[in-house]
Amino acid sequence: MLSLEHRFVHLIPETLEPGILYISLEYMTASHLCCCGCGEEVVTPFSPVSWKMIYNGESISLVPSIGNWNLRCRSHYIIDRGRIIVASPWTDEQIAMAQIRETEVKLGYYEKPLIHQANPASTNDIATNISKVGFWGSLLRYWFRKDK
């Protein structure tokens, strides 16, 4: 597969067709079958800390690259103006570093409103901080806490 045709849809269909990049602006996500041909579904949510979609009126690009590290194929490619550019597979070490970097970016983004760290011993300060970072920041902090 050398390219993906894009389709703007309200909902991503249950069964995806090969060679089609489905885009739901309402749900801020895109989905397609893995470009290596393995048939696995790949979902790319749009957000300031995930993928960005670029539409030039004719074609779609997704930034950054698609690294299917959790799929059996572990494919890695770029979608640039509808064209698939196959990238080199990443090593386990590169994947681990990218996952750490992604976590840091997400934590940094969702903790932006915090001006100072509260004293964790104070219930009032914890409640105040949780309300400042919101649900997603609290969830990320819970998932990546060190005492697990």
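These legends accompany close-up views of a predicted model.

Residues are numbered from 1 along each chain as its sequence is written, and side-chain values use heavy atoms, with hydrogens and water left out. Local features need pLDDT of at least 70 and side-chain atom pairs count only at pLDDT 80 or more, while totals for chains, interfaces and linings use all residues.

View 1. Helices (H or I, at least four residues) and strands (E, at least two) are DSSP runs, numbered from the N terminus. Along the sequence the pattern reads β-β-β-β-β-β-β-β-α-α. Of the 148 residues in the protein chain, 31% are buried. Buried means under 20% relative accessible area, exposed over 50%, and partly exposed in between (1.4 Å probe, protein chains only). Contact means heavy atoms within 4.5 Å. Among contacts with a separation of 6 or more, 30% come from residues 24 or more positions apart.

**View 2. Strands β1-β2-β3-β4 form an open sheet with mixed pairing.** Two strands pair if DSSP finds at least two bridges between them. β1 and β4 (41-45) are the edge strands; each has a single partner, so one side of each lacks a neighbour in the sheet. Neighbouring strands are turned by 20° against each other on average, direction ignored. Axes here are lines fitted to C-alpha atoms, for helices over the stretch in contact, and angles run from 0 to 180 degrees between N-to-C directions. Four bridges join β1 to β2 in the parallel sense. R7 stands opposite Y22 in β2.

**View 3. Strands β5-β6-β7-β8 form an open antiparallel sheet.** β5 and β8 (83-86) stand at the edges, each with a single partner strand, so one side of each has no neighbour in the sheet. The twist averages 25° from one strand to the next. β6 and β7 (residues 76-80) run antiparallel and share three bridges. There, L62 has I79 in β7 as its bridge partner. Four bridges connect β7 and β8, also antiparallel. I78 stands opposite I85 in β8.

**View 4. β5 and β6 form a hairpin with four residues between them.** β5 covers residues 52-55 and β6 covers residues 60-67; their antiparallel pairing runs over four bridges. The bridge partner of I54 is S61 in β6. In the turn, G57 has a positive phi of about 95°. S59 sits in the loop between β5 and β6. Is S59 buried or exposed? Its relative accessibility is 13%, so S59 counts as buried. Beyond its neighbours within four places in sequence, S59 is in contact with H6, I54, R81 and G82.

**View 5. The largest nonpolar core has 16 residues.** Such a core is a set of buried Ala, Val, Leu, Ile, Met, Phe, Trp, Tyr and Cys residues joined through side-chain atoms within 4.5 Å. Those with the most contacts inside this core are L21, L62, I66, Y77 and I79. β2 (20-24), β6 and β7 each supply at least two of its residues. β6 gives the most, with three. I66 touches V42, T44, W51, S75, H76, Y77 and I79, leaving aside its neighbours within four places in sequence.

**View 6. F8 and Y55 make an edge-to-face pair.** Rings of Phe, Tyr and Trp (its six-membered ring) pair if their centres lie within 6.5 Å; planes under 30 degrees apart count as stacked, over 60 as edge-to-face and the rest as tilted. By this rule there are two aromatic pairs. For F8 and Y55, the ring centres are 5.2 Å apart and the planes stand at 80°, so the pair is edge-to-face. F8 lies in β1 (residues 5-8) and Y55 in β5, so the pair ties together parts 47 residues apart in sequence. F8 is partly exposed, at 38% relative accessible area. Y55 is also partly exposed, at 40%.

**View 7. The structure holds zero disulfides.** A disulfide is a covalent bond between the sulfur atoms of two cysteines. The cut-off here is a pair of cysteine sulfur atoms within 2.5 Å. C36 is in no disulfide; its nearest cysteine sulfur, that of C34, is 3.6 Å away. What keeps C38 from a bond with C36? Their sulfurs are 3.6 Å apart, too far for a bond. C36 counts as partly exposed, at 42% relative accessibility. C38 is partly exposed at 36%.
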